[in-house]
Amino acid sequence: MIVTLDFETCSEADLKKVGAWAYSEHPSTEVICACWAIDDGPIQSYAMGDLRALARLRDLARMDGVLWEAHNVAFEYSIWHNVCVSQMDLPEIPLADWRDSMAVACYYALPAALDKLSRVLRLDGKDPAGGRLISKYSKLHLKTAQRVIPAEDVEAFARYCAKDVELERKCSEMLGALPEAEEEVFLHDFEVAVKGLRLDLGGIDTARNIVERRSEDLAEEFRALTGYNPGQRDRVLEWFAEQGLVLENLQAETIEDLLEEDEKEGTLEANVRRALRVRMEHSKASTKKLDAMARQRGKDGRARFQTRYHGAVTGRNTGAGFQPLNLNRGFEDVEPEQLVRDVMTGDPKWLDCLYGDAMDAIGKASRHWIMPDEDHRIIAGDFTSIEAVVLACLAGEEWKIEAFANQEPIYERTADKIYQLPLGTVTKKTHPNERQDGKTCELAFGYQGALGAWRKFDSSDRHSDEAVVQFCQAWRREHPSVVQFWHALEDAALNAVWKNKETNYLDIGFEPVDGWLTMILPDGKRLWYWQPQVRMTMPQWHKPEEKEECASGECDCMPRPQLTYHAQKEGRWRRVYTYGGKLTENAVQATSRQILKPCELALKRAGYPVVLSVYDEIVCEVPNGFGSIEEYSEIVAETVASLDWMRGWPVRMDTPWEGGRYRK
């Protein structure tokens with residue numbers, strides 16, 4: 001039996017800012033109405049004070065064998081747990097009994113939002129009256145919100161809620177349930193999200209105060225220099241123009257480039273140079289990340305639902321809330337506890353003395369505000385160069401597979417090759433610049449990237465465009481199997497769409513299925529590309545706005561077949577194109593995820609509760625006295641070895657670490 005459930009609520013908390021859990025814990029939060037349907041039965045509803053309807057819902061929640069499905073289950077679960085149970089005397093629903101139609105939509109790479117999803121599936125969209133009702137009665141933090149809901153608008157809320165249940169049920173019927181293996185992963189991710197991450201609010205507040213103090217000091221200095229506040233964009237641009245410096249914008253990257261150029265040429269006046277630096281430092285003195293951490297924190301100190309299951313087409317989780325997947329790395333040579341102690345002095349000048357820049361120290365400390373419960377510790381480890389290993393194995397790049405199997409330093413080996421040096425010449429100590437170039441090659445060129453990709457990873461300007469192009473050509477010469485993999489995957493995908501049949505290259509297959517093109521991974525899992533089409537378009541290197549020969553028509557660029565499909569990109573559901581390098585990236589990242597998730601599940605079963613996974617890293621929170629980094633490593637190694645489809649790939653994990661603060 002499946003119950004499709006939806007709530008409409010009101011609260012003084014701002015849901016978008018604080019997240020579902022903190023919203024549901026706010027004392028002002030209450031249920032306006034609830035609607036539900038059992039399987040394909042009629043939609044039932046509860047509104048404020050309807051004791052009979054509430055009794056029906058209570059009886060249903062006490063039944064065995066019921067699965068409860070919502071669209072974005074984080075919200076319905078939070079409201080049920082923190083409002084319905086405590087305020088309405090409804091029983092708890094076990095985590096294992098919850099399902100999420102939004103998770104299924106994400107699995108199939110469709111829009112997550114119900115309105116967009118229903119329209120893509122050619123269903124009616126959400127009732128537009130709902131937006132008016134929510135703005136008028138639900139968002140009590142708005143000055144225009146009304147706290148008394150007339151009976152006719154309560155009924156309108158119920159109709160809107162019932163329409164959502166109808167749409168959710170239809171979407172669920174069309175998409176079906178997750179495959180069994182994926183349902184296990186979803187439930188695991190749901191459990192991880194519900195457990196949440198404990199945050200050090202005292203440390204976060206101290207860090208915020210430091211940033212605010214520094215921001216005020218910088219603003220005061222900027223006003224003394226220019227007469228304006230740093231945020232007065234147009235006035236500030238005018239001031240710089242009056243000093244003889246015409247700027248297109250005030251972005252940090254633009255200012256950094258100017259200051260770097262001035263270090264070489266020394267053309268800027270001292271007051272202009274200082275104003276630029278102060279403006280740039282002020283823009284970095286932001287408390288946004290820290291504010292988000294503080295807002296998302298629940299009453300027990302843990303921030304829940306900070307990641308989204310299968311948020312990327314590759315199956316990898318994406319960040320939510322305060323975005324824990326993109327926190328800054330700490331200092332390599334400073335222990336987290338030491339940096340935290342220094343931040344807790346609350347003195348930005350002290351941090352300047354120790355770390356050169358207080359704002360840099362605050363940014364580097366951002367991971368350290370994640371900590372375990374009392375009498376617990378964090379054990380975490382990440383896989384060594386997982387994407388590079390998987391790419392080499394999928395493509396059959398034998399020299400590189402052997403290098404990984406022998407645990408050779410891959411950045412150094414790549415540098416040896418692109419500089420045509422004897423193997424073993426480049427080391428971190430003897431040739432640091434060449435090693436860095438080898439690392440940038442690995443990061444930039446694996447997915448068919450070239451000059452533009454290099455510049456994203458290396459902003460040092462140590463090399464001219466011509467030199468970078470030579471690096472790219474050298475890297476490709478040393479990776480013939482990878483280059484072949486790009487082109488072969490693109491051809492296989494195009495042929496699958498053209499000929500409407502299954503195609504494959506090595507361990508990656510493609511097959512059209514019910515309106516999708518699917519990519520079949522080595523373990524059988526599929527990635528889904530909605531409404532694929534082949535269109536004749538100019539190649540991505542045809543850039544008439546940048547290249548004179550393309551603008552004049554003198555280039556040799558010719559239209560070529562390109563695979564297109566619909567995807568959510570830059571906030572819009574639209575047709576996008578792909579190519580061999582991008583398909584390779586999808587295959588590699590998705591396959592890496594298929595290595596990571598079994599290891600998470602194995603650690604959980606062994607008593608290591610997972611609280612976060614970040615691409616190639618698994619973070620567990622365990623009681624003191626339980627487990628060890630050696631056992632953690634053994635569990636991961638045994639799980640990797642048990643994945644028959646990998647056939648002995650040299651996938652390994654770096655030595656895990658343990659401690660009282662999260663770090664990287």
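Okay, let's start with a close pair: the side chains of Arg304 and Asp300 make a polar contact of 2.7 Å. A polar contact is a pair of N or O atoms within 3.5 Å; within protein, one must be able to donate a hydrogen and the other to accept it, and residues adjacent in sequence count only if both atoms are side-chain atoms.

Before we go on, this is a predicted model, so local features need pLDDT of at least 70 and side-chain atom pairs count only at pLDDT 80 or more, while totals for chains, interfaces and linings use all residues. Residues are numbered from 1 along each chain as its sequence is written, and side-chain values use heavy atoms, with hydrogens and water left out.

Back to Arg304. You'll find it in the loop between β7 (302-303) and β8 (307-308); helices (H or I, at least four residues) and strands (E, at least two) are DSSP runs, numbered from the N terminus. Is Arg304 buried or exposed? Arg304 is buried, because its relative accessible area is 9%, and buried means under 20%, exposed over 50%, partly exposed in between (1.4 Å probe, protein chains only).

Compare another loop residue, Glu570, between β15 (560-569) and β16 (572-578). Glu570 is exposed, at 67%, and its side chain has a polar contact of 3.2 Å with that of Arg574.

Now, salt bridges. Side chains of opposite charge can pair when their charged atoms come close. Here a salt bridge means a side-chain nitrogen of Lys or Arg within 4 Å of a carboxyl oxygen of Asp or Glu, and that rule gives 37 of them.

Look at helix α8. Glu182 bridges to Arg593, with the closest N and O atoms 2.7 Å apart. That pair links α8 to helix α25 (residues 580-605), 411 residues apart. Glu182 is buried at 5%, and Arg593 is buried too, at 1%. What does Asp189 form a salt bridge with? Its partner is Lys597, at 2.9 Å between the closest N and O atoms. Asp189 lies in α8 and Lys597 in α25, so this pair ties together parts 408 residues apart in sequence. Both of these residues are buried.

Last stop, the nonpolar core: a set of buried Ala, Val, Leu, Ile, Met, Phe, Trp, Tyr and Cys residues joined through side-chain atoms within 4.5 Å. The largest one has 73 residues, and Phe383 is one of those touching the most other members. Apart from that core lies another, of 59 residues, including Leu110 and Val120.
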